[in-house]
Amino acid sequence: MTRLTRRQFGLFAGASAAALTLPTYLRAQGKPRVVVIGGGAGGATAARYIAKDSDGAIDVTLIDQSEMYTTCFFSNLYVGGFRSLESITHSYDALQSGYGITKVTGRAASVDRAAKTVTMEDGSTVPYDRLVVAPGIDLVWDSVEGYSEELAEIAPHAWKAGKQTELLKARLDAIENGQQIIMVAPPNPYRCPPGPYERASMMAHVLKAKGLTDSKVIILDPKDKFSKQGVFQEGWDKHYPGMVEWYGPDVHGGIVSVDVNAGTVETDLDTFKGALLNIIPAQKAGAIASEAGLTDDSGFCPIMAESMRSTIDEAVFVIGDASIAGDMPKSAFSANSQAKVAAMNIRADLVDSKVFPAKYANTCWSLVETDDSIKVGAQYAPAEGKIASTQGFVSQTGEDAPLRKANYEESVGWYAGITADMFG
Amino acid sequence: MVEQVSRHGCNSGLRWPLAMLVLCWIVAGPDRSVADEADKVFKPCANCHEIGPGARHRVGPHLDGLFGRTAGSLPDFRYSEGMRAAGAAGLVWDARTLSDYLEKPRDFIKGNRMSFRGMPDAQDRAALVSWLETATEQAPAADPAASGSDTDGLVRSFADIVLQIDGDPEYGEYLAGECVTCHQASGHADGIPSIVGLPKDYFVKSMFEYRTNVRSNEVMKLRVANLANDEIAALAAYFSSLEPQ
């Protein structure tokens, strides 16, 4: 890894005025460099596609704070007991050995966009010609009155996979018959629109399987509707009668505050008490995005629909949950799709490869109960300055069991496929 | 794609299991478990192979008359080089060679395209091979061109138009980014069928089977609805050029 501090960079650049007229990557003496911040569905895919398709002509560095990556997608299936944590945890080894990607383990603390360097938490710097920002989401802790990062150790959000998910699972497994679980769902926009409702299903599955049918999961939602609502609610009635209750704002009147230590959520209607609180706050782009000045007032990053290039800095691409991707939901599938468009445009910038028109896709599967999976999907294309949906589908109520089982098998195949596409 | 392909496979694959069921009923009384067992044993194969009257080539060749057939010898199926070479070297399918092959197909015939990891358990293999021996004792499959509904004709004529187009594999590779999120680029299949190395003709026909609702998977119908003819041709050119790893 080349380490160049900001000051050294200035000296170096100032030393030769002629060098400044050269393209950035020639100035940097050697191959063009791409740095990717974030090794999830967006970042890992982008790193792999840039390295793979440029055949070694581009130097790719992938920065992620973890040695191993636990996917947030399918983490609800871990909560439900359908997957082990190991089965959703992946190594970056193949990206390094098979694709020549440099993996830097650590937290990117800031970006100097003028100098084109990323500064790590330990003070080291990594220079780039093109930067991919794919940090996922951060939580807006104060969006739920009474909640905080510290209190997440008691009332987990589990909206980033890993320790939080393990905590949620352990707390779920300790529930006794008759005890309630209260989930506070997040407002739009957030990572994985059907996620809270799949999670409620998985929690009910665990309770039911243990015969704890006097327990229930109560969802307090700031939204008046949610993804795949009809099919989810049909599934809850069918599989978990009386065990999952969903209240929108027209019923609870507004979520006022939580008291994590007392295990209560106060709404305009009533105070709800639970043995387990699962608080999922509002969300924004991962901290590095705002630190780098790439976000707008929404807390997310505006991009060009044709390329995923930041509208704020043409040397930067923002993909995945941190971006404002028009009609596309924040999902792993979306991030993976966006990564391929960004990778193609980055290669075109740096090694003059061909650019084809951007095409985007998404599909999300949600498991409601064993062998009963529902799905939603759409195609997207740039239109009038944003990524717009061109066509879509969603599972229907009343579908037969073989179709739902096939959906589940398809989702398992998709997981194997996308993780192979991300990690090599 | 799983749902439709398996439904497809079952439609044809089931012709025999149903017949078996009747046989078992006559011979051994109403013993559902035997027929269920047979159905179960062939189920993973039915994603790609058909058996029974009118069986056609799918991702894999039809299996009618399998026993005694020289490997890689059906004239109208596009085999891998490895499979053809094995046949040329004298490999003939019988209970023993099939069992050896099915244990670990990729090792038994290097470079063959069958996307199946194998059956390590000898008893499982014996059950499958014995079931296959009965089920595949068929008259040779009907000429696929001779049979078929109006939809088949429609699919055929659409496909013929696309097959005239010289697909751009480079464009195909970019478009394939959308496919390989689910259909693994390595050719491995873990619940979603492999499309690596599919013959162009089969690939293009499959696309139009989604257009005409012969195949009904919503994810695939949506993807295909958004592909222009030159894009289908590009994808067919790209995927047919790949070899499974």
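Two strands are taken to pair if DSSP finds at least two bridges between them. In this predicted model, strand β1 (residues 33–37) of chain A meets that criterion with strand β2 (residues 59–64) of chain A, the two being joined in the parallel sense over five bridges. Within this pair, A:Ile37 stands opposite A:Ile63 of β2(A).

Both strands belong to an open sheet of five strands in chain A. The order is β5-β2-β1-β9-β20, and the pairing is parallel. Strands β5 (102–105) and β20 (316–318) of chain A form the edges, each pairing on one side only. From one strand to the next, the twist averages 20 degrees.

Helices lie across this sheet. Helix α12(A) lies across β1, β9 and β20 of chain A. The angle between α12(A) and β9(A) is about 170 degrees.

The largest nonpolar core holds 178 residues. Those that touch the most other members are A:Val36, A:Ala46, A:Val132, A:Val133, A:Val184 and A:Val318. Helix α12(A) gives the most to this core, with 10 residues. The surroundings of A:Val132 were examined with neighbours within four places in sequence left aside. Its contacts are then A:Val34, A:Val36, A:Ile37, A:Gly43, A:Ala46, A:Phe317, A:Ile319 and A:Ala342.

Antiparallel pairing is found elsewhere in chain A. Strand β6 (residues 108–112) of chain A pairs with strand β7 (residues 117–120) of chain A in the antiparallel sense, over four bridges. A:Val111 has A:Val118 as its bridge partner in β7(A). Four residues separate the strands of this hairpin, in which A:Lys116 takes a positive phi near 55 degrees. Strand β7(A) also runs antiparallel to strand β8 (residues 125–127) of chain A, joined by three bridges. Here A:Thr119 is bridged to A:Thr125 of β8(A). The hairpin of β7(A) and β8(A) likewise has four residues between the strands, and A:Gly123 adopts a positive phi near 95 degrees.

The contact between the chains takes 28 residues from chain A and 23 residues from chain B. On the side of chain A, two or more residues each come from α12 (332–351), β22 (360–369), β23 (372–383), β24 (386–394) and α13 (401–423). Helix α13(A) supplies the largest share, 12 residues. By type, this side of chain A divides into 12 nonpolar, 10 polar and six charged residues.

Note on methods
Residues numbered from 1 in each chain as written. Chains lettered and ligands numbered in written order. Predicted model: local features only at pLDDT ≥ 70, side-chain atom pairs only at ≥ 80, totals over all residues. Contact = placed C-beta atoms within 7 Å. Nonpolar A, V, L, I, M, F, W, Y, C, P; charged D, E, K, R; others polar. Core = buried A, V, L, I, M, F, W, Y, C linked by C-beta atoms within 7 Å. Buried ≥ 20, exposed ≤ 12 C-beta atoms within 10 Å, placed from the backbone. Axes fitted to C-alpha atoms, helices over the stretch in contact; angles between N-to-C directions.
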